[in-house]
Structure formats: structure tokens, C-alpha cells
Amino acid sequence: MNRPVDFPHPFREPRIHWAQFGMLILFCLYAAGIVYWIVHLIRLSFELDDTSSLSVAISAVAVPMFIALVAIVNYVFWGLLLNQNEVQPEPDQGERPT
Amino acid sequence: VRNERALGERDAALLRPILETGPGFYVTLSILLAGVTIGVWSYLYQYRWGLGVTGLNQPVSWGIYVTNFVFFIGISHAGTLISAILRLSQAEWRRPITRMAEVITVMVLAIGAGNILIDLGRPDRLFNVIQYGRYQSPLLWDATCITTYLTASIVYLYIPMIPDIAILRDRMPRRRWLYGTLALGWTGTARQRHVLERAVSIMAILVIPVAVSVHTVVAFVFSMTLQPHWHSTIFGPYFVVGAIFSGLAALLVAMVILRRIYRLEKYLKEIHFNYLGMLLLVMTLLWFYFTFAEYLTGFYGNEPDEMRVFWYKFTGPFAPYFWTMIVCCFVVPFAILANSRTRTVKGTLIASLFICAGMWLERYIIVVPTLSNPRLPYPPGSYLPTLVELGVTIGCFSLFFLFYLLFAKLFPIISIWEIEEGRHEGLKAVHQRLRDYLPDTDDERDMDSGAPAPLQPSVPDEPVRSRPLPEPEEEVR
């Protein structure tokens, strides 16, 4: 079994830092792309007068869902990255000394 | 960070598959890669020569690919839905199971959706859907729902994995770049834990309606047509029940295999199989109830078109498939799971394998017999899958197992931090919950009101409940 190894904290490494930002941007772009696609289909349905009510109904569910997902991912991303340096809480009482 | 390392030490068995690679891994990898190669070759052959090399024809234009699609999407309910329900209902026994279930969801959703692309024949036509799709078609509802569910499932899989990825980041310098990026700077501070738990709770609530909607919409693809044995109001819930049923079975199969290969007996205990076995028994009965209701309604209506398909399944060319499905999905699982002596690890595995096979057959006999008996005045059609379709199917199943194997090689298949949390906070929470469920004893009432505690009741052998429950710490020791 490998032993824990000490090395510089990953967040201080710029490459990892940028990779994390890249991940977030990629996800946001993906979600924006899906939302754009749905909006495009709604616009098309209005232009062609083709079941526009149905398109609006489905998008009313799907679009907020993607917005919620983007919000949650951002919440986790910033919530974890900005709070990694707080003081460590004391170990639980249930944890026995090793 | 020290805490995370300590967790890793205690649950070293969960990290062993990642840190150590035995010959079995390479053998399995080779077999699965061979299966995937067969699938890729078959698909390329079909791509080169067109759908003419398949058994698809007029009027049977949907066959094994659509069966696979419905089957895989069904199995996807194993994960997110079961995991989310167990998480929200605070079922403590969920802890070693949730990750395995969530991984199944992500893998099979991607493969299920891929089967539709394969069925298209010309995948470039997908761009027509993107550019000119019409929401009049339930197929587009399906595309939207599956995209949403897949995205939500990936997020729901990833967020609870972050603390475990941080353990790997601290232990595996060779893959530091991967784990360091994915760990998002997790150090286990109180604030970070709060953020994570909140996000997981929100995701668990969000993902349940999406999961239900996905399989309902898959059912709508069939039931929105006026075809016999498809046009049914209960098709949505029937599909959802079938999906949870097959998903549970697939999860149990995965649990038994992983338990055996990675020696996880300490984590996946008999009791987990017993509980999931009971859940599977309930789903067996529910599935039978829905199947019975679906066929009885058609039979009682006695419409000629309906009855043609009905007898096609009951006594006609599809009778062997139909009765095998009944045996696999009801007779065998019910016989095994209803008996507590056979509801063991082996018993649940056998029942689950039968259910998986039976549910695939169920999807097949939903898709094909109806198309074989068109309402228009055409002669009945016939369909037999060709080697190309079988090759693609082998490839799909191999790809699923390959993805699962690679995931288990890169990440812990059981959530380490949730196990550790269960040891401490879970025990306390269960203790507190039990106290809340049970009626207050006289002592507790008096303590609440500030009155002095009375003498103990003079019934010597009654009061198991009147005794205070042991503290969680005592139970741990």
C-alpha cells in the first residue's frame, strides 16, 4: 500500500488551478449550448406555427433544470475552492486515537 | 488533509483496487476490449453497407437497437433514483451502495442513447434533429429528457465523490494532476462539508423527478402512437416500474460481482442483499400487477387489432419469449425472494440475473410484435436480428462493463467518506431518530417538565423501551 506523500498543495499549482477553471467553463458552455438549442427549437416552432405551446411547455421544465445544474456546480466549485483554508475542526469524539 | 488520510488508512480495502493491479484486471480488460472491438466492427460494417445488413425491414422498423435503448435507459434508474430515494429517506444501509448505483446510471444512459444513433443508420442525420427538431415528436422529448438526466446524473455522481478524490490526490502522486483537478481543493473544512452536503441534498431532490420523467417519456414514444399494445395510459408508470425493477436487479448483480472480485464482504454484507432483495420482491409484485392490468384491459376490450397482437404474444411466434419473460420476471424471482432462507447473496444474484434477462425480453416483446402486426392492410411482418445487430449488442454490453471496470480502477467504488460519516454521525442520527419515533418514557417527560424523576416502574421484565437507549459511542466500542 502506498503511503501518503507530501507535495505542494494542488490549488497552488497554476496548471491545476487553470484546469479546474477550464472544467467549470466547459460545463457552463455545455449547459448554455443545450439551453440555446431548446430556445432555437421554440423560436422555430413559433416561426412555423408548429406546436409552439408544446415546445414552451417542455422547455419550461428543461431550461430551469439546466440553470439549476449550473447554479449547483458553481456553488460547489466556488464553495470548495474558497473555503479550503478554514481552521480544521477537531476530530470527532467517536474517532479513536490510532 | 490528515483526517482524510486517516480515513484512507481505515478503509484501505476500498483503495486497494486503485493502488494495486493484478493479472485479473488485464485479463478482464482484454476480454471486454475484444467485445467492444466486435461491436465497433459490426457498427462500421453497418455504417458502410447501411441498415440493409440488419434484420430491420418494413413494417418492423424497430428491433434490437430500440430494445437495447429501452433496456439500458431502464437500468439507469438503478442508480440515481434508488440512490436519491435512499439518501432522502436517510436509509443508513445505503452508504456502501449509492456510488455503485450512480455509476451504473451514467454509464448505461450514455450507451442507451448511443443505441438510438446506431438505429439511425446514418448518424449525420442527428444534425437534422439539432437544427430542425420539432417538439411535436415524443422522440425529441426523449432526447431532451435524456440529455437532462445524463447531465444531472454526472453532477450527482461527481459531487459526492469529491472527498474521496481528495484522498486519492494525497496518496497517488502519479495521478495528482487528475485527482488534484477533480478534488477542487478539498481539505475537509467545516464550511466545505456544509457546501458539499447541501449540494448533494439539492441534487437528490432534483434528480428524482427527472429520472421518473425520462422513463415516462420513453414510454410516450410508444404510447403516443395508435398502435395496438402501445396506446395505453398506464404505459408511463408501467415503464417506470419496469425500469426500477431492472435497475435494482442490475445493481444487485454489480454488487455481487464487485464484492467477490474486490473482497468487499466487510462493506457489502448479507443484510444489504436482504434489504435490496425485499425491495426487489416488492418490485416483482408491482411489475406483475402492471403487466396483468395491461394485458387484461386489452383482452377484455377484445378489439381485433389488439387481439391479434395479444395472441401473437400468448400463443403465436412470440409465445416462447413471452412465457420466458413471465418465468424470469415473476416465477423465479418471487420463489427466491419471498423466502427469507433463499434471500441470500447467491439467491438475490440468481433472481437478479433472471430479472435482467426477463426485462430485456419484455422490452423486445413490447417493440417487435406490435410492429409485426400493422393496423394498415399489410401482411404481418417478421423480424430476426442478424449477426451485425448481435455484434453491436455484444459491443454495448462489453462497453458498459469496460466503463465500469475503468471507473473502479480510477475511483473508489464505495464512498469512503460516507462510510466514515456513517460510523460517527450516522449512528448518532439513528439513535436520535429512534428516540424521536418511540413514545416518551416517564423519565424523559419528567426531565422535559423539570419535575423530579419518579422511581422505576415495578414491572421487572417489561421495559426494554423504558430503558434509555445506549449511547452511540458505546455501540461503536
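User: In this predicted model, is F222(B) buried or exposed?

Analyst: The cut-off for buried is under 20% relative accessible area. F222(B) comes in at 1% relative accessibility, so F222(B) counts as buried.

User: How is the ring of F222(B) arranged against that of F239(B)?

Analyst: F239(B) is also buried, with a relative accessible area of 1%. The two ring centres sit 5.8 Å apart, with the planes at 45 degrees. Planes under 30 degrees apart count as stacked and over 60 as edge-to-face, so the F222(B)–F239(B) pair is tilted.

User: Which helices does that pair link?

Analyst: The two residues are 17 apart in the chain, and the pair links distant parts of it. F222(B) belongs to α11 of chain B, while F239(B) lies in α12 (residues 235-261), so the helices are α11 and α12 of chain B.

User: What kind of ring pair do W141(B) and F220(B) make, among the 47 aromatic pairs over all chains?

Analyst: Their ring centres are 6.2 Å apart and the planes meet at 85 degrees. Anything over 60 degrees goes down as edge-to-face, so that's the label for this pair: edge-to-face.

User: Which element gives the most to the nonpolar patch on the surface of chain B?

Analyst: The patch takes in L117(B), L120(B), L126(B), F127(B), V129(B) and I130(B), with about 460 Å² of accessible area together. Both α6 (98-120) and α7 (126-132) of chain B give two or more residues. With four residues, the top contributor is α7(B).

User: Where is the kink in α2(A) centred?

Analyst: Helix α2 of chain A runs over residues 52-81 and reaches 42 Å, close to the 44 Å expected. Still, there's a kink of about 30 degrees, centred on S59(A).

Note on methods
Residues are numbered from 1 along each chain as its sequence is written. Chains are lettered from A and ligands numbered from 1 in the order in which they are written. This is a predicted model: local features need pLDDT of at least 70, side-chain atom pairs count only at pLDDT 80 or more; totals for chains, interfaces and linings use all residues. Side-chain values use heavy atoms; hydrogens and water are left out. Patches are made of residues with over 30% relative accessible area and no salt bridge: like charges are joined within 9 Å, nonpolar side chains (Val, Leu, Ile, Met, Phe, Trp, Tyr) within 5 Å. Accessible areas come from the Shrake-Rupley method with a 1.4 Å probe; for residues, only the protein chains shown count as cover. A salt bridge is a side-chain nitrogen of Lys or Arg within 4 Å of a carboxyl oxygen of Asp or Glu. The expected span of a helix is 1.5 Å times one less than its number of residues. The bend at a residue is the angle between axes fitted to the seven residues ending there and the seven starting there. Rings of Phe, Tyr and Trp (its six-membered ring) pair if their centres lie within 6.5 Å; planes under 30 degrees apart count as stacked, over 60 as edge-to-face and the rest as tilted. Buried means under 20% relative accessible area, exposed over 50%, partly exposed in between (1.4 Å probe, protein chains only).
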